[in-house]
Structures are given as C-alpha cells and as structure tokens.
Amino acid sequence: MTEPKPSRIAIVGTGMVGATTAYTLLLRQRVTELVLIDANRDKALGDALDMNHGLPFVGQTKIWAGDYPDCADADIVIIAAGAAQKPGETRLDLLKRNAGILEDIIERVTAHNRNGILLVATNPVDILAYLCWKKSGWPARRVIGSGTLLDSARFRYLIGQALRIDPRHVHAHIVGEHGDSEVPLWSTANVAGKTVELSEAERRRIFEQTRDAAYEIIRAKGATYYAIALALDRICAAILRDEAAVLPVSTLADGYRGISDVYLGLPCVVDRTGVREIIDLPMTAEEEALLKASAAKLRERIDEMLA
C-alpha cells in the first residue's frame, strides 16, 4: 500500500503577511508540509525555526526554509512577497514597485511547478494576480487573488456590529477592486434571508470604514496582517478540502456583466481545481455601474503596466 502524497503549501515572501499566514496555517494544521521562501533567507530560516519549536503544542507539520525547487510538489504557492504599503499610499501606488518583483517570482515558481494553484496576496492584488496569470501561462482558474474576501469580512463585521448579530451569520459581499473603487452590494446583504435594514447614513459609515480600514490600521501600526492571513487560510482550506465554497476572490472576468480581460473580486465557487465558476449575483443598476467603473479603473492600470 503506497503512502498518501503529503500536502504542501509554499509561501514566497515571509514579511508580516507571509509569516502570519504560515503561522495561521500551522495552527490550523492545513498541510503536512510548509515551505518558507524569502530573498532574505535568514528571515525564512528564523521563522521556520521559531514555528518548529512550537510543534510539540500543535502537531506534525514539517516546516522548513526552502527555495524555488521546493515549490515542485506544492498544492498551493502563496505569493506574499513585495514592497509594503506605506502610510498615505494607495494599493495602486504599489504597482510599479511590485510588478517587477512578481514577474521574477512567477518565472522561478513555474520552472518547478506547473500543476499547482497560485494564490496572490501582494498588492495591488487584482492587477498583480492578472500579471501572474499572464506570466505563468496557467489557466485563470488556477491563479487566484485574495480579492475582496477580506473587504467582505470587514463589511460583515461592521454590519454585525450595527445589528448586534454574529458576523458569521451576516451574508454580504464587497466586489470589484480590492481598494478604493470597491463596491458594497447592499441589495443582497442579508441575515437569514432578511434584507439588512439600516439608514443611509449608517450604510455610508459602514462602507467608508470598510473601504478605509487598511489605511486606519497602517496609520496605527504600520501594516495589516492578521485578518488577511485568516482570509488566505480560508481560501487554502476551500482548495485543499475541495469545498466548493463561495468566496469573493479575485479572478478573471470573461464577459461577466460586460466586463472582460481584468481580474477583480467576484463571488466564486472555490474547490480543488481553483475557481470553478463565478456566481452571477443580482445587482441593482447602480451597483452594476459602480462595478463596471471599478473594472475600468483596474483595466487602465493593467494597460499602463503592460505598456
């Protein structure tokens, strides 16, 4: 009887997001093998040693500081490398600094792995996920950006606070760019099927706090990493468990409500193959117009990047 193939996640970039994601995956025992890759090998080595010393408390995950050949057997390669967002800087301002970094990373990853799933967390995530898709030559379903999953979680949390309801039971989505042009779908926000009833002023406050949350956190402590690590863990769980979970991740739109050739956050069915399909949620005319405007903004920056 042959031994089952170990499950493996490789994380490229062990800054705050990459390291916190690795720790989250370790605590939740998502995989049997966890590889940490960073241009600063000492940082990856230190993180691996630190987590290994906690194994007596959590389980049998094999963790090591590796290099790109270790991506060969990875089920998922998480891209968390790149320059961090500075106070007052938008995610789109990061584009020129991070595009070159990711092009090099994707070339190295795909030299060793052709069958895994790329999960992109580096900002601006929608544009860089599109770049990774183009550079890898992989099917779009296997190149996923973290998209608006975190934005939607913030949205659900704030709605839950306003309604005094557990946010796990609030169903609401942010779509479009993971950034300033993102769109709240109030028309489908609900609790147990009941439409969320809030005043326009309260809705405006909740959305503004959702949209601007990263800026507030960056001003306060320099970076966001806990919640995005949990979001990335959630995507990994959906893939590894073949869940067919509906998650608002960044994927390629191909004729979605007239939007094509751009990555943006949309509710997707995520399973072992990656993005199985995009869910066509009902929207008001205003919401659809805002989504198209968000897509146009992203497309413009993609064109600038490719020029």
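Modeller: Take Lys221 to begin with, which lies over the face of Tyr225. This is a predicted model, and the value is computed from it.

Colleague: What makes Lys221 count as lying over the face of Tyr225?

Modeller: Lys221 is 3.8 Å from the ring centre of Tyr225. The distance cut-off is 6 Å, and the charged atom must also be within 35 degrees of the ring normal.

Colleague: Why is the pair of Tyr130 and Trp133 called edge-to-face?

Modeller: The planes of Tyr130 and Trp133 are at 70°, and planes over 60 degrees apart count as edge-to-face. The centres are 5.4 Å apart, against a pairing limit of 6.5 Å. Both residues lie in helix 5, three residues apart, which is about one turn of the helix. Ring pairs also bring in Tyr263, so that Tyr130, Trp133 and Tyr263 make a cluster.

Colleague: How do you know that Tyr130 and Trp133 are buried?

Modeller: Buried means under 20% relative accessible area. Tyr130 has 1%, so Tyr130 is buried. Trp133 has 16% and therefore counts as buried.

Colleague: What makes Phe155 and Trp186 a pair, and of which kind?

Modeller: Their ring centres are 4.8 Å apart, and the planes stand at 75°, so this pair is edge-to-face. Phe155 belongs to helix 6 (residues 149-163), while Trp186 is in the loop between strand 9 (183-184) and strand 10 (190-191). The two are 31 residues apart, and the pair links distant parts of the chain. Phe155 and Trp186 are both buried. The structure holds five aromatic pairs, including the two discussed here.

Colleague: How many disulfides does the structure have, and why is Cys132 in none?

Modeller: A search of the whole structure finds zero. For Cys132, the closest cysteine sulfur is that of Cys71, 13 Å away, so a bond is ruled out by distance. The cut-off for a disulfide is 2.5 Å. Cys236 is in no disulfide either, and its nearest cysteine sulfur, in Cys71, is 13 Å away. Cys132 has a relative accessibility of 1% and counts as buried. Cys236, at 0%, also counts as buried.

Colleague: Why is Ile101 called partly exposed rather than buried?

Modeller: Ile101 has 35% relative accessibility. Buried needs under 20% and exposed needs over 50%, so a value in between is partly exposed. Ile101 is found in helix 4 (residues 95-110). Leaving aside neighbours within four places in sequence, Ile101 is in contact with Gly82 and Ala83. The C-alpha atoms of Ile101 and Ala83 are 8.8 Å apart, for a separation of 18 residues along the chain.

Colleague: What makes Asp47 buried, and which side chain does it meet in a polar contact?

Modeller: Asp47 has a relative accessible area of 15%, so Asp47 is buried. The side chains of Asp47 and Lys43 are joined by a polar contact of 2.5 Å, and the limit is 3.5 Å. Asp47 is in helix 2 (residues 41-52). Beyond four places in sequence, Asp47 is in contact with Thr14, Ala19 and Leu36.

Colleague: How do you know that Ser181 is buried?

Modeller: The relative accessible area of Ser181 is 18%, and the cut-off is under 20%, so Ser181 is buried. Ser181 is in the loop between strand 8 (174-175) and strand 9. Its side chain makes a polar contact of 2.5 Å with the side chain of Glu177. Not counting residues up to four places away in sequence, Ser181 touches Ser294 and Lys297.

Colleague: What makes a set of residues a nonpolar core, and which members of the largest one touch the most others?

Modeller: The members must be buried residues of the listed nonpolar types, joined through side-chain atoms within 4.5 Å. The largest core has 48 residues, of which Val12, Val77 and Leu264 touch the most other members. Helix 5 (residues 125-136) gives the most to this core, with eight residues. Another core, of 38 residues, lies apart from it, and among its members are Ile11, Ala22, Val31 and Ala245.

Colleague: Which residues does Val77 contact?

Modeller: Leaving aside neighbours within four places in sequence, the contacts of Val77 include Ala10, Val12, Cys71, Val109 and Leu119.

Terms used: Residues numbered from 1 in each chain as written. Predicted model: local features only at pLDDT ≥ 70, side-chain atom pairs only at ≥ 80, totals over all residues. Heavy atoms only, no water. Buried < 20%, exposed > 50% of the residue type's maximum accessible area, 1.4 Å probe, protein only. Helix = DSSP H or I, 4+ residues; strand = E, 2+ residues; numbered from the N terminus. Contact = heavy atoms within 4.5 Å. Phe/Tyr/Trp six-rings, centres within 6.5 Å; stacked < 30°, edge-to-face > 60°. Polar contact = N/O pair within 3.5 Å; in protein donor to acceptor, adjacent residues only side chain to side chain.
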